[in-house]
Amino acid sequence: MPGKILQILVKPGETVAVGQTIVILEAMKMENSIPSTFAGLVNRIFVEEGQTVAADSNLIDVI
């Protein structure tokens, strides 16, 4: 669903685990924790805090 990025919890170069919350997104006046679906290294962050995003937007690249 479309929403607004409230908080980015990782930085490029950081290691993440499957299920680790990487972004907090506000949608329909509710905060949603977005977990990583992959374990690996944060390669790139495509969004900024405060940015509005579409439902199918890429947020973070984990390799």
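Visitor: What makes K29 count as exposed or buried?
Guide: K29 has a relative accessible area of 82%, and the definition calls a residue buried under 20%, exposed over 50% and partly exposed in between, with a 1.4 Å probe and protein chains only. K29 is therefore exposed. Please keep in mind that this is a predicted model, in which local features need pLDDT of at least 70 and side-chain atom pairs count only at pLDDT 80 or more, while totals for chains, interfaces and linings use all residues. Residues are numbered from 1 along each chain as its sequence is written, and side-chain values use heavy atoms, with hydrogens and water left out.

Visitor: Where does K29 lie, and what is its phi?
Guide: K29 is placed in the loop between strand 3 and strand 4, where a strand is a DSSP run of E with at least two residues, a helix is a run of H or I with at least four, and both are numbered from the N terminus. The phi of K29 is positive, about 65 degrees, although K29 is not a glycine.

Visitor: What makes M28 exposed, and which phi does M28 take?
Guide: M28 has a relative accessible area of 72%, and because of that value M28 is classed as exposed. M28 also lies in the loop between strand 3 and strand 4, and, without being a glycine, M28 has a positive phi of about 55 degrees. The hairpin of strand 3 and strand 4 has 2 residues between the strands.

Visitor: How many helices and strands does the chain have?
Guide: The chain has 0 helices and 7 strands, and along the sequence the pattern reads β-β-β-β-β-β-β.

Visitor: How do you know which strands pair in the open sheet, and in what order?
Guide: Two strands pair if DSSP finds at least two bridges between them. Strand 3, residues 21-27, and strand 4 are joined by 6 bridges in the antiparallel sense, and strand 1, residues 3-8, is joined to strand 3 by 4 bridges, again antiparallel. The open sheet has 4 strands in the order 4-3-1-6, with antiparallel pairing. Strand 4 (30-35) and strand 6 (52-53) each have a single partner strand and stand at the edges, so one side of each is left without a neighbour in the sheet.

Visitor: Why is G19 called partly exposed, whereas F38 counts as exposed?
Guide: G19 has a relative accessible area of 44%, so G19 is partly exposed, whereas F38, at 53% relative accessibility, is therefore exposed. G19 lies in the loop between strand 2 (15-16) and strand 3, and F38 is in the loop between strand 4 and strand 5 (40-45).

Visitor: Which residues does F38 touch, and which does G19 touch?
Guide: A contact means heavy atoms within 4.5 Å. Not counting residues up to four places away in sequence, F38 touches V16, A17, V18 and V62, and G19, under that rule, touches P35 and S36. G19 and T37 are 18 residues apart in sequence, with 6.2 Å between their C-alpha atoms, while the C-alpha atoms of F38 and Q7, 31 residues apart along the chain, are separated by 19 Å.

Visitor: How do you know that the radius of gyration agrees with a compact globule?
Guide: The radius is taken over C-alpha atoms, and the globule rule is 2.2 Å times the number of residues to the power 0.38. With 63 residues, a compact globule would have a radius of gyration near 11 Å, and the chain has 11 Å, so the two agree. Along its principal axes, the C-alpha trace spans about 30 × 20 × 20 Å.
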